[in-house]
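Please read the structure shown here alongside the explanation that comes after it.

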Amino acid sequence: MNPNFSSIDRRKFLRGTGVALALPWFESFTRFVNAAERTTDRKRLACFYMPDGIPVPRQDDPAFKDWSWFPHGRGKDFTFTKCLEPLESLRDDVTVLGGLSHPSVRSIHGHSNADQFLTGAPTGGHGEYKNSISLDQMFAAQAGEHTRISSLVLSTDGGTGTPRGAQTMSFNRKGRAIPAEHKPKRIFDMLFVKSDDDAARRLAVSKSALDDLMADAQSLKKTLSKHDQKTLAEYLQSVRDTEVKVEKAKRWMDIPLPTVDVDHLKLDVTPEDPRNYLQTMFELIYLAFKTDSTRVATYQFGRENGVGVSDYLARAVGFNLTHQLTHKTKEPGGWENFGTYCRFLSEEYGRFASRLKATPEVGGDGNMLDNTVLLFGSASSAFHLSRNYPLILVGGKNMGFKHGQFLKYGQGNEKNQADAGASSDKNWRSEMNYEELPLSNLFVTMLQKLGVETDSFADSTGTLAEV
Amino acid sequence: MTNSFGTSLLAFLVSIPAVASAGNYETEIRPFLTKYCVSCHGPNKQKADLRLDKLDPDLINGSDADMWQEVLDLINISEMPPKEASAQPKRSERQFIVDALTLSFRQAMEARRSTGGRNVIRRLTAYEYNNTLRDLLSLDLQYAVDLPPEGSAKEGFKNNSSVLGTSALHIEYFERIARSALERIILAPTEQPTPYFVRVEPELAFKPEPAPVTTENQKKKQRKPKRRPGSGYDIKGDHFVPDKSVRGPLFRIDHGERSTDGSGVLLAGNRPSDKVGDPFAADRKIGGSQGDGRSGYQPEFRVEMYEVPHDAPVLVRVQLSAVPGKDDAYPRLSFELGSFRGANVSDQKEAANIEIRSTEPKVYEFVVHGANFPFQSNKPGRPSYFRIFNDYRRGTSHLTYEELPKLNIDWVEIKCNHYDAWPSPQKKAIFFDSEHRNDEPVYAREVIARFMTRAYRRPVSDAEVDRKTALFRKLRTQEASFEATIVSTLTAVLCSSNFLLLSEPEATVVQDVATERRLLNDYELASRLSYFLWSSMPDETLFELASKEQLHKSNVLLAQVRRMIADPKSEGFSRNFASQWLDLAGIHRLAVNPEYFDFKEKDKGLFEEESIQFVHQVLKSNLGIDTFIDSEFAMLNPALAKHYRIPGIGGGSFQQHAISKEYHRGGLMTQASMLFGNSTGSETHPIKRGVWVLERLLDDPPAPPPPNVPDLPEPEGKDLANLSLKERLVEHAQVESCRDCHAKIDPWGVPFENYNALGQWREGSSDPLVHKAHQAVNIDPSTQLKNGKRIQNLDDLKKYILTEKKSQFRTAVVRKVMAYGLGRYLEFSDRPAVDAICETVGKENDSFQTVIEQIVLSEPFLTK
């Protein structure tokens, strides 16, 4: 509500370089949480979603060499195309994956599938809708215990969107969408700005108030029909979730908030200034990780089908609307245009990963990237086809992630030529005469390396040894 | 939809309203499957592992709905039966089965989302929440800006329960917003804050005639460009600044003239140096970093203030008079609050914009809240400012500078930290006078009970008050003061389901099922009315009528509806209903292609505002709903007139202007909001425009396209790439599977071909308003409706709707307003009510107000 920047006391901010962030708060933090926990035990996960798929031109297309998203070659012996070239300097920390997809939606139009990218749920193309917990929330249930904020949920469009039109990547235990924050200023305040000097009292107050809200709702419930009770149940669940957050906040009360230098942040930026917006969002995740405010983050670059402000992202590289690029690949320069946009994302994504790599793990070994695994991908590849998801894993060496490779799973589509060159959505449920592995196999593998004891996720059938 | 289907729909719904199956299965669907499909997908063969004769025809409870969708789609795009099959259905057979299946799916969807024709509990929308806090606390702030964005239901309405989710994030925001608003009011300092005051006598900006030049040094100086009065000048104002160490305020005038009697300053909307030229040419200069086309070239009266109390009410007093211009043109007083954010970067927002007609000096007073404006600079050391423009601009008229109306400003006073009384009236409304004021427990209960009654929009039970006073007692030991405890207790009231949810208890609930309809009580009715017409809570008058149990009486209801429409808060209806009905958000989903147009993104706001103001005008002036189809006026401001190339429109904000035929404007369909929102951002898009007309104006949405058919074929290879959009459309309709659907859609979009993607008029074979490379177009608005009716152009289409489609259009408007008013989808059980309303409306000259009145008097509105 306070529209101004006044809530931040600028004098409190440290000026200077990143190293200056080895701060006194950190000592009290370690004392509080667990004196025995070494910071190298820290594990982080961030997931990013790119809507609209990627360029998959046909082999005989002149654009194939430079603007096919998937690298050429296989295993350790591969070359990035121009789409992913910005990641070359990170090559030894990067794995590109192909041949993975969620089986339940392989014949559902790509426009409907952002919802299930991290969940693997059979969300379908129409009718009843039910989702399930997302990868990040599985990990957050464990990692969230160690940090002030259990996970960051961000997107360019904000909120939850609609069923099959998600504007968030994250879903809770009950499969309910978790609204994403989209205003840099709000995200910053949540992470680094103290809302009240009298936090202890406020939390005690909140606890009592929440009990009272439950009582109110329970008494209302008696007068409602079944249909209305469902709506009320959602409200009740929200109050319960808030209670959990308050409980947690209580534990963190005595630990001062980290202070960070804000001078380089453009907190008022909007997606109409796409490059700066994207950089600011990445920077906020970076700062959240660096200050150990959270160890889990999702950021959806845009929602599917070119609806919403996220469709402006392509303006960063001189195009009008992002989604249109996917439809115009057959026009002169079409593949290149689409690829140029993908390259822009790779640049920003690579910049973020490089920044983690350049930052030593505070009080631990190696750099931050070694303790952070990044998943970047889309639920469609060639023209809204919900198969052969384009996926990149970066970082996490200390957790045992192996890199410097292009892994292609499945059989029968080795060269990514099935449905290559499609320029309309005609093919989105074409017959699938090749095999792919469930993406959930990757998720199980990731969860295990992240220290979550599980041997399954959604419809997984195993793990991926190569990762 | 063919006639036979209309009948079967009716029969279907009457016989089994709650169960949709692949309905007409036995008579319509099974015979087709048996004839063309079962030989490959039946008992003998199961190609693709599919056996159609065993599919469960129950689309709601059965498990085969997905498979049925697949069947529908494959038949629809003529992929099944395969070409090589010997038995091929005729086109008409194929169309028939597709229609039958499509209809069944629609019915199944309706049945699934059915609320039994009853209103359901729902959360306040973000905008309703904002307005409710505004009215509850009598404090006009932007409360909802940080709430997560909200979606729209299938038919476009945001107040539908199905799209109003609640999450922990919401609860956190609701808590934070309520607490901070209550703290602002209740925990305000005991001492009244010191005001910051400045008074400006603008004539002081004009120096007396300079002394004669005598020395060489002075001559040298004179050769340098000199700031002349009227081109920009700083003086110190007469002021009271609380902190004496802070730099005093500065007054700056840009291109004002000293008034003839020397007592003030004359401010025109254009600079004297602006030449009257082609009114449609680009602005001479686009000022400001935002390119808002305003600062930087418009004469300006500005007061800059350092470290001003920005988060508090501001009183502005201006004494001025009008100097009318030619043709009865009157000046407009517009003022803004803003701040500098860097070198040449500023941010500001308009606070008022009124026409001044009095030629005698009069004092005008305004109170606004600084928190609603970018009034505090985010760069330390930069000033906040107040500025006045004359918002009568030349626009597309040919008034010379001398002929322009001017503001004659005598003086201006600005007082920040302005409070008429202390404690503030808002605080006194919560802590009212009472004989128990000194008895804390008793008084607390009184305060809480009174606040709850308004927040819950109904009388509260003793048990409810008990619970909150118990909370108060519990918190009292944790909080520092009585007032702080009240803040926390009332925050809980504002996070309660009783405040956030609009709910109407059932008469009786037996085993979770509501058993009977009941009339709403008067308080529930008051809330339905106020959220319908004001997007906010009821006011004192409605509460009072409710407490006396008078509100439900028809004559009282009617009088209240009229009063509420006349109230400025009815803009809440026009703004929210129009935005959702007409899908004005579409404007912002789409970007203008810079290869085609020079266009300022900011001007999209004009498109949106035109349609909102138009709907509001129809409501306020009690016009007929036929005005939505065609009108002899338009709601314009100079910038939009320029966009439409309509000459002679000066002035400031949106106003009603009579429009002659030659400009081709009238009704909603010629507004840029619809025309642009349903274009591609470069070219027109007849399909989107046609679908918009069918969905929004005729409530006859075409079946959704099979999901694997693109809007239009993407150009494959050179041939198709060179085709114009309309030619591609024709190409598209050549595909057999597309033809039948498009015969129903395209003719409703083609007549708009005279309007380019930005909604500007064009004819013949060239569109001069588009960049050179794209000017050549072959504009042909003529078409033929599916029923054979020939339509020459949009005027023809309007006539057709107003005659032969009149009743369908009327029903559509009634249904849209009703769905919005009830906050739910309409269902079959609402049909009789809709029909009755339409009949009355038809007799009452189709007045829009009658539509609203009759909905309020209808059974669905009056009952739960």
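The average pLDDT of chain A is 84, with 88% of the residues scoring at least 70. Residues 1-37 of chain A, however, have a pLDDT below 50, and in the model this stretch makes 43 contacts beyond near neighbours in sequence. Where pLDDT is low, predicted coordinates should not be read in detail.

As to its fold, chain A contains 10 helices and 13 strands. The chain has 467 residues, of which 53% count as buried. Taking the contacts in chain A between residues at least 6 apart in sequence, 68% of them join residues at least 24 apart.

Chain B is divided by the domain assignment into domain 1 (3-113), domain 2 (121-192 + 432-503), domain 3 (196-207 + 228-416) and domain 4 (577-706 + 722-804). Between the C-alpha centres of domain 2 of chain B and domain 4 of chain B the distance is 44 Å.

Helix H13 of chain B covers residues 522-533. After H13(B) comes Ser535(B), which has a positive phi, near 50 degrees.

Strand E8 of chain B, residues 300-305, is also mostly covered: 6 of its 6 residues are buried. Which residues of E8(B) point one way, and which the other way? Glu300(B), Arg302(B) and Glu304(B) point one way, while Phe301(B), Val303(B) and Met305(B) point the other way; all are buried. In a regular strand, side chains alternate between the two faces of the sheet.

E8(B) has pairing partners in strands E5 and E13 of chain B. With E5(B), residues 250-254, the pairing is antiparallel and runs over 5 bridges. Within it, Glu300(B) of E8(B) is the bridge partner of Asp254(B). With E13(B), residues 384-390, E8(B) is joined by 5 bridges, and these strands also run antiparallel. Here Met305(B) stands opposite Ser384(B) of E13(B).

Note on methods. Residues numbered from 1 in each chain as written. Chains lettered and ligands numbered in written order. Predicted model: local features only at pLDDT ≥ 70, side-chain atom pairs only at ≥ 80, totals over all residues. Domains from an automatic or database assignment. Helix = DSSP H or I, 4+ residues; strand = E, 2+ residues; numbered from the N terminus. Buried ≥ 20, exposed ≤ 12 C-beta atoms within 10 Å, placed from the backbone. Contact = placed C-beta atoms within 7 Å. Expected span 1.5 Å × (residues − 1). pLDDT = per-residue confidence, 0-100. Pairing = 2+ DSSP bridges.
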